[in-house]
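I opened this entry to record what I looked up, item by item. The sequence and model come first, my notes after.

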Amino acid sequence: MKEKLRLLIDDNSTRQGKIFDYSIQFLIIASLIAFAIETLPGNDPAVLEMLYSFEVFCVIIFTAEYLLRIFIAQHPWRYIFSFYGIIDLFAILPFYLTRAFDLRALRAFRIFRIFRALKLIRYNRAMQRIHIAAGIVKEEIVLFLIITGIFTYLTSCGIYFFEYEAQPEVFSSIFHSLWWAIVTLTTVGYGDVYPITLGGKIFTFFVLIIGVGVVTVPAGLVSSAVSKARQIQEDQVSADLASQQ
């Protein structure tokens, strides 16, 4: 029975597996829409009651899916603490917390219902490629973020020394200059904070040029990783077909 359940839940190449996957995807999307409808002002009590009943139904299905995935997992604890396991738990945990404890503060946990959207990653091959790509390029992204953080700090220091005397109320400290550094390096440039001194403008020119590279580097890394992830998926499919034959 365990093997049959594993084929039903994990293998979406069969008819039964596709029905299971599409059913869960439909419930995820429908529950997210229902959550959005709940936030509409002036909802009729009958509508709210219907939405609550649908929420209970979804939680029952998602809970059953979560428990079944633990049951069929070769290493249950590894699944529980995996990315998918945590997302599956967060998709149902707010419901039980707000029902088990009658505390007003715990109502904030309801926002975690939006984590159900991340459950769709499991059921979409394109999204799975993004997940694989994230694992491939993880170290490079971490290094990039560290370098970006250092450069952001240095940029904040630079604009502070150029602009502090001219605009002490805006660039009153390096910490206050961080906002300008972030929006400038990302080339967003809201225009709410900007340099007025000649040195600050020249400094900003070079920061903007570097900012173009800051924006494009992650795109290149992710693009390369997605291509590798596609190849990994194709190799895996070929291996599965060969094993079935």
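**Fold and basis**

I counted 10 helices and zero strands in the protein, taking both as DSSP runs numbered from the N terminus (helices: H or I, at least four residues; strands: E, at least two). Along the sequence the pattern reads α-α-α-α-α-α-α-α-α-α. The model is predicted, with local features needing pLDDT of at least 70 and side-chain atom pairs counting only at pLDDT 80 or more, while totals for chains, interfaces and linings use all residues. Residues are numbered from 1 along each chain as its sequence is written, and side-chain values use heavy atoms, with hydrogens and water left out.

**Burial and surface**

I looked up burial next (buried: under 20% relative accessible area; exposed: over 50%; partly exposed: in between; 1.4 Å probe, protein chains only). Of the 245 residues, 32% count as buried. The accessible surface of the protein is about 15600 Å², and 69% of that belongs to carbon and sulfur atoms; the areas come from the Shrake-Rupley method with a 1.4 Å probe, and for residues only the protein chains shown count as cover. For contacts (heavy atoms within 4.5 Å), I took those between residues at least 6 apart in sequence and found that 65% join residues at least 24 apart.

**Cores**

I then searched for nonpolar cores, meaning sets of buried Ala, Val, Leu, Ile, Met, Phe, Trp, Tyr and Cys residues joined through side-chain atoms within 4.5 Å. The largest has 15 residues, and Ile24, Ile28, Phe62, Tyr66 and Tyr79 have the most contacts inside it. Helix 1 (2-10), helix 2 (15-38), helix 3 (45-72) and helix 4 (76-80) each give two or more residues to this core. Another core, of seven residues, lies apart from it and includes Phe171, Trp180, Val193 and Val207.

**Salt bridge and cysteines**

How many salt bridges does the structure hold? I found one, with the term meaning a side-chain nitrogen of Lys or Arg within 4 Å of a carboxyl oxygen of Asp or Glu. Glu65 pairs with Arg69, and their closest N and O atoms are 3.1 Å apart. Both residues lie in helix 3, four residues apart, about one turn of the helix. Are Glu65 and Arg69 buried or exposed? Glu65 and Arg69 are both buried.

I searched the whole structure for disulfides (cysteine sulfur atoms within 2.5 Å) and found zero. Cys58 has 0% relative accessibility, so I list it as buried. Cys157 is also buried, because its relative accessible area is 13%.

**Aromatic pairs**

I paired rings of Phe, Tyr and Trp (its six-membered ring) with centres within 6.5 Å; planes under 30 degrees apart count as stacked, over 60 as edge-to-face and the rest as tilted. The count is nine aromatic pairs. Tyr160 and Tyr164 form a tilted one, 5.2 Å centre to centre with 40° between the planes. Tyr160 is buried at 18% relative accessible area, whereas Tyr164 is partly exposed at 36%. Phe162 and Phe203 are also tilted, because their planes lie at 35°, with centres 5.5 Å apart. Phe162 is in helix 8 (residues 138-163) and Phe203 in helix 10 (residues 198-244), so this pair ties together parts 41 residues apart in sequence. Phe162 is partly exposed, at 40% relative accessibility. I also noted one aromatic cluster formed by Tyr160, Phe161 and Tyr164.

**Ser156**

Ser156 lies in helix 8 and counts as buried, at 0% relative accessibility. Leaving aside neighbours within four places in sequence, I listed its contacts as Ile174, Ser177, Leu178 and Ala181.
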